[in-house]
Each structure stands twice: as C-alpha cells, then as structure tokens.
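Reader: Please take one part of this model and examine it closely, placing it in the context of the chain around it.

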Amino acid sequence: MRPPKGGGFEKDDADGDGQVTKEEFSGPSEHFEQLDRNGDGVLSRDEAKPPQGKGQRPSR
Ligand SMILES: [Ca+2]
C-alpha cells in the first residue's frame, strides 16, 4: 500500500501512473481545465500540485 501523500493528486491518480485524467479527477471539470495548464487533457503531478514557490526568497 502506498502511504497517502498530502491529498488530492495521489488519491485521484487511480492507476498510479503519475497522471490524472479527466475521468480520474474528482473535482469539477472547470477546476481540471484550470489545472491542466498545457491543455493535454491530463494532469501531471506538477500541474495538480504546483511547487510551493510563493514566498521564495533569495538565500545567498
Ligand atoms: Ca496537462
């Protein structure tokens, strides 16, 4: 069994191939389209869970 990793993507990725299709996606299709930034009809891990880069501060 795979441990849950913080939520939606892992759960929706029913076959575990690292991509969530529209059929697999549990949310509203509008939301899917927002997440599907490259418009290929599947959500990659990156698209579903964008990296937490918001408060990036230069650390040098
Ligand atoms: Ca995509």
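Author: Leaving aside neighbours within four places in sequence, Leu43 is in contact with Gln19, Val20, Phe25, Phe32, Leu35, Asp36 and Ala48, a contact being two residues whose C-beta atoms, placed from the backbone, lie within 7 Å. The model is a predicted one, in which local features need pLDDT of at least 70, side-chain atom pairs count only at pLDDT 80 or more, and totals for chains, interfaces and linings use all residues. Residues are numbered from 1 along each chain as its sequence is written.

Leu43 also belongs to the largest nonpolar core, together with Phe9, Val20, Phe25, Phe32 and Ala48. Such a core is a set of buried Ala, Val, Leu, Ile, Met, Phe, Trp, Tyr and Cys residues joined through C-beta atoms within 7 Å. A residue is buried if 20 or more other C-beta atoms lie within 10 Å of its own, exposed if 12 or fewer, and partly exposed in between. Of the 60 residues of the protein, 12% count as buried.

The elements run α-β-α-β-α from the N terminus on, with helices (H or I, at least four residues) and strands (E, at least two) taken as DSSP runs and numbered from the N terminus. The UniProt annotation "domain: EF-hand", from an unreviewed entry, covers residues 10–25 and 32–47; UniProt annotations may be inferred rather than shown by experiment. Residues 32–47 are 44% helix and 19% strand, and their end C-alpha atoms are 10 Å apart. For residues 10–25, the span is 19% helix and 19% strand, with the end C-alpha atoms 10 Å apart.
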